[in-house]
Amino acid sequence: MPHLNLESFKPLTFPAQCGDVEFLFQADYKNQSGGALIATRYKGREFFLVHKKTENKELLKSDKVTRPSPNFLVKHALLAYAECSGSRILDSNVDNAPENTHLKTHDALKSIPFFVENFPRDREVRIEIGFGSARHLLHQAAANPDVLFIGLEIHKPSIEQALKQIVIQKLSNIMVLDYDARLFLEFVPSNIVGKIYVHFPVPWDKKPHRRVISEAFLKESDRVLSVGGTLELRTDSENYYRFALETFSSPAKSRFDVRKNQEIAIVSKYEDRWKKMEKNIYDVTFTCEDESPEPDIIGDFSFSSDPIDFSVIDRIKKETYKREWGFLHVERTFSIGEDGSMLRLSMGSFDRPESTYVIIQNATARYYPTTPVPSSANLKAHILLNELIHG
């Protein structure tokens with residue numbers, strides 16, 4: 001992750017601007033000295049930089065919750081803050097190279113609101129989850145120019161490499177998204193996906209709840225797949241293979257087949273490695289057999305206009321609110337100036353939680369920098385939060 005180690009941290013007078021980077025406000029950690037979030041706007045994206053005080057240094061880095069892609073945005077913002085504040089850099093892993101020309105010319109990188117507001121429906125869609133080196137994604141897109149490929153990946157360098165190759169190979173049928181696949185499928189319309197590829201996912205043997213494949217994921221995959229569409233798991237993990245067999249067998253009605261050590265047209269660098277080690281490669285393919293209705297998503301993320309009692313914040317941060325649909329938990333609290341507060345929340349489904357921020361200022365509340373994605377669990381968590389802070 002890009003970061004700077006500073007000799008001393010020098011706060012700005014907000015709002016401030018350094019070149020084309022804007023610094024909007026600072027949210028200080030409550031009950032913790034030497035830490036803050038700096039709200040930043042650059043190239044139309046808003047996100048937080050994080051200041052943390054260590055024993056001998058002042059660390060400045062990107063916030064994980066709001067971190068944008070590509071990494072160039074964060075790197076440029078970090079250097080801009082150091083320059084604007086006059087903070088001396090002791091060491092860093094941030095270079096001052098200009099933005100990659102390939103990243104300037106592409107339009108493949110999308111955000112989740114793009115898909116939530118207007119999901120592409122004009123052609124067959126195929127989704128690859130965790131595309132890694134993007135070998136398979138790029139090969140499939142080149143071989144099927146009439147199909148729209150959506151690649152999901154959370155590893156920033158892999159995203160940037162894929163975007164570079166999309167431009168070099170002049171591929172116009174790929175969209176890339178930095179997002180959790182377990183959440184993404186909920187926003188895909190029913191019956192429009194031809195294939196879902198899950199190739200060599202992290203096995204998570206010690207934390208199986210973090211696996212992409214689950215009963216909930218299978219249910220959503222079955223809904224978004226067209227009749228005859230497939231969910232393809234390819235793995236070298238014996239444990240994951242057996243877990244997938246059990247999961248794919250869980251519905252009252254299901255159709256899937258299993259293959260071992262099958263050759264495919266293009267393989268990842270990981271598969272090359274596994275083959276040299278003479279490891280077995282397993283394919284478990286689920287096939288959709290029925291059409292599904294569109295899901296009902298009702299509600300929004302607006303807050304009540306009733307005044308907020310700030311004393312409620314100290315009360316709700318001490319408890320995790322668990323319900324059948326999921327949970328709501330205040331992870332951390334911040335102060336903004338003399339009369340503002342901010343909460344970092346974890347909310348939504350137990351299996352697919354989302355982290356977000358809520359600013360409470362002038363007796364009103366709002367999400368920052370964007371509202372959560374409108375999943376059914378997130379909407380229910382919002383209703384609960386709205387009731388609590390207006391309690």
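Reader: How do you know what the model is and how its residues are numbered?

Author: This is a predicted model, in which local features need pLDDT of at least 70 and side-chain atom pairs count only at pLDDT 80 or more, while totals for chains, interfaces and linings use all residues. Residues are numbered from 1 along each chain as its sequence is written, and side-chain values use heavy atoms, with hydrogens and water left out.

Reader: Why is Thr-66 called buried?

Author: A residue is buried under 20% relative accessible area, exposed over 50% and partly exposed in between, with a 1.4 Å probe and protein chains only. Thr-66 has a relative accessible area of 11%, so Thr-66 is called buried. Thr-66 is found in the loop between β6 and α1 (71–85), where helices (H or I, at least four residues) and strands (E, at least two) are DSSP runs, numbered from the N terminus.

Reader: Which residues does Thr-66 touch?

Author: Contact means heavy atoms within 4.5 Å. Leaving aside residues up to four places away in sequence, Thr-66 touches Glu-46, Phe-47, Phe-48, Tyr-357 and Pro-369.

Reader: What makes β4 and β5 a pair of strands?

Author: Two strands pair if DSSP finds at least two bridges between them. Strand β4 (residues 35–42) and strand β5 (residues 45–53) have eight bridges in the antiparallel sense, so they count as paired. Arg-41 has Glu-46 in β5 as its bridge partner, and in the hairpin of these strands, with two residues between them, Lys-43 takes a positive phi near 55°.

Reader: Why is strand β18 said to be largely enclosed?

Author: Strand β18 (residues 340–348) has eight of its nine residues buried, so β18 is largely enclosed by the rest of the structure. Strand β17 (residues 327–336) pairs with β18 in the antiparallel sense over nine bridges, and Ile-336 has Gly-340 in β18 as its bridge partner. The hairpin of β17 and β18 has three residues between the strands, and Gly-337 in the turn has a positive phi of about 65°. Eight bridges join β18 to strand β19 (residues 353–361), again antiparallel, through a hairpin of four residues, and Ser-341 has Ile-360 in β19 as its bridge partner.

Reader: In what order do the eight strands of the open sheet lie, and which are the edge strands?

Author: The order is β8-β11-β10-β9-β12-β13-β15-β14, and the pairing is mixed. The edge strands are β8 (109–110) and β14 (256–260), each of which pairs on one side only. Within the sheet, β9 and β12 run parallel and are joined by five bridges, and Arg-126 stands opposite Lys-195 in β12.

Reader: What covers the buried residues of helix α4?

Author: The buried residues of helix α4 (residues 135–143) are His-136, Leu-137, Leu-138, Gln-140 and Ala-141. Their cover includes β9, β10 (148–152), α5 (156–168), β11 (174–177) and β12.

Reader: What makes a group of residues a nonpolar core?

Author: A nonpolar core is a set of buried Ala, Val, Leu, Ile, Met, Phe, Trp, Tyr and Cys residues joined through side-chain atoms within 4.5 Å. The largest one here has 39 residues, of which Ile-127, Phe-184 and Leu-231 touch the most other members. Its largest share, four residues, comes from helix α8 (residues 238–248). Not counting residues up to four places away in sequence, Phe-184 touches residues including Ile-112, Phe-115, Ile-127 and Leu-177.

Reader: How are the residues that line the second largest pocket divided?

Author: Counting Ala, Val, Leu, Ile, Met, Phe, Trp, Tyr, Cys and Pro as nonpolar, Asp, Glu, Lys and Arg as charged, and the others, Gly among them, as polar, the lining has seven nonpolar, five polar and nine charged residues.
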